[in-house]
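Biologist: Before we discuss the arrangement of the chains, please show me the model, and then take me through the terms one at a time.

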Amino acid sequence: MHRHSVPLTTGSQRITDVTGACQEFVGGIGGDGLLHVFLPHATAGLALLETGAGSDTDLAEHLDALLPRDDRWRHRHGSPGHGADHVLPALISPSLTVPIDDGRLALGTWQSIVVVDTNEDNATRTLRLSLLPG
Amino acid sequence: MHRHSVPLTTGSQRITDVTGACQEFVGGIGGDGLLHVFLPHATAGLALLETGAGSDTDLAEHLDALLPRDDRWRHRHGSPGHGADHVLPALISPSLTVPIDDGRLALGTWQSIVVVDTNEDNATRTLRLSLLPG
Amino acid sequence: MHRHSVPLTTGSQRITDVTGACQEFVGGIGGDGLLHVFLPHATAGLALLETGAGSDTDLAEHLDALLPRDDRWRHRHGSPGHGADHVLPALISPSLTVPIDDGRLALGTWQSIVVVDTNEDNATRTLRLSLLPG
């Protein structure tokens with residue numbers, strides 16, 4: 001198994017495309033296998049999404065309908081509505097596995113790997129990559 | 001690692017049971033391990049669900065409450081409400097891993113592996129299967 | 001691959017922390033790798049969540065907004081609203097993979113592994129653990 005950690009700066013954006021960072025790791029090793037992607041953070045998830053055609057913004061905005069940033073949450077330190085950030089990983093898991101074909105992520109044409117993170121209080125993240133050859 | 005691609009015809013149905021296709025692949029290899037199931041498509045997810053007792057229809061219909069097919073979406077080519085299809089994989093991931101016991105998917109009594117796909121514009125799909133023996 | 005089954009008593013609580021049971025298995029083997037966690041049950045999911053600061057209760061209660069326990073469901077044996085329990089695993093998958101560093105779950109500071117189960121009719125569960133060394 002090959003393992004790697006990638007530092008990320010997500011800043012205030014809710015969706016961050018990490019396909020390039022994942023492909024760079026996978027391409028440097030080559031061959032077939034599976035890539036496991038993991039976020040060791042309690043307010044972030046990973047999704048496979050089309051980016052650049054509106055869907056990333058659609059998801060970012062629709063999260064406010066699914067997990068409203070109001071005063072319903074018991075967890076309420078930090079920014080207003082921050083409790084919603086802590087429920088997000090239950091719906092969008094921080095664990096994702098993707099096949100690899102000959103050193104390439106075997107993604108569909110319109111799939112990108114994105115970090116989903118509505119927590120603006122923490123702008124730095126770490127991505128954990130584990131590659132199973134085979 | 002054993003790898004296999006299965007062509008699927010999902011047609012206009014939102015839920016397609018693929019347990020048989022997965023079991024066929026796993027049974028042909030035998031032994032213990034883990035099966036990774038993956039969809040290289042940007043409008044589909046995988047779920048473990050009881051089928052045949054109403055829950056597949058319940059999920060199919062409730063997705064319209066969670067992701068309404070109205071004009072809220074920025075991504076709006078194709079059928080009306082198609083933007084919802086592109087947010088679906090963030091909530092229902094196209095990546096799933098299941099244990100294998102002696103050539104059998106180690107599913108619970110009421111669990112089936114289903115493809116969830118609300119996009120009626122594309123009726124053919126590919127299922128990527130990767131088996132880790134061990 | 002190392003494999004293990006852990007019996008669980010979830011009782012009537014919706015969120016059950018299983019980090020300790022996972023760590024005990026992983027620590028007994030040691031080394032680096034990946035841990036796959038799986039629930040062979042059709043009304044339960046796994047999430048990575050901060051526990052003990054309100055978010056577990058936030059998730060437990062917000063599930064009633066996402067999946068209302070009313071008479072909308074076709075699947076309707078058991079307790080009122082039980083159909084919602086059967087849709088839950090589509091949103092909160094019963095499959096989760098976590099990196100391991102030197103015999104320790106490589107979780108973030110605020111991440112715990114929890115079983116999410118709104119079905120009060122079944123209080124005993126099994127957790128399937130598979131460890132891939134490497």
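Modeller: Let me start with pLDDT, which is the predictor's confidence in each residue, on a scale from 0 to 100. This is a predicted model, in which local features need pLDDT of at least 70 and side-chain atom pairs count only at pLDDT 80 or more, while totals for chains, interfaces and linings use all residues. Residues are numbered from 1 along each chain as its sequence is written, and chains are lettered from A in the order in which they are written.

Biologist: What pLDDT does chain A average?

Modeller: Chain A averages 94 on that scale, and 100% of its residues score at least 70. For the model, the scores are ipTM 0.95 and pTM 0.97.

Biologist: What makes α2(A) and α3(B) roughly perpendicular?

Modeller: Helices are DSSP runs of H or I with at least four residues, strands are runs of E with at least two, and both are numbered from the N terminus. Axes are lines fitted to C-alpha atoms, for helices over the stretch in contact, with angles from 0 to 180 degrees between N-to-C directions. The axes of α2 (residues 55-66) of chain A and α3 (residues 82-91) of chain B come within 9 Å and cross at roughly 70 degrees; since 65 to 115 degrees counts as roughly perpendicular, the two helices are therefore called so.

Biologist: Which residues of α2(A) and α3(B) meet?

Modeller: Contact requires C-beta atoms, placed from the backbone, within 7 Å of each other. Ser55(A), Asp58(A), Leu59(A) and His62(A) meet Gly83(B), His86(B), Val87(B) and Ala90(B).

Biologist: How many residues of chain C are in contact with chain A, and which element gives the most?

Modeller: By that contact criterion, 30 residues of chain C touch 24 residues of chain A. β3 (33-38), β4 (44-49), α2 (55-66) and β5 (95-101) of chain C each supply at least two residues of that side, and α2(C) gives the most, with six.

Definitions and conventions:
Contact = placed C-beta atoms within 7 Å. Parallel < 35°, antiparallel > 145°, perpendicular 65-115°, else oblique.
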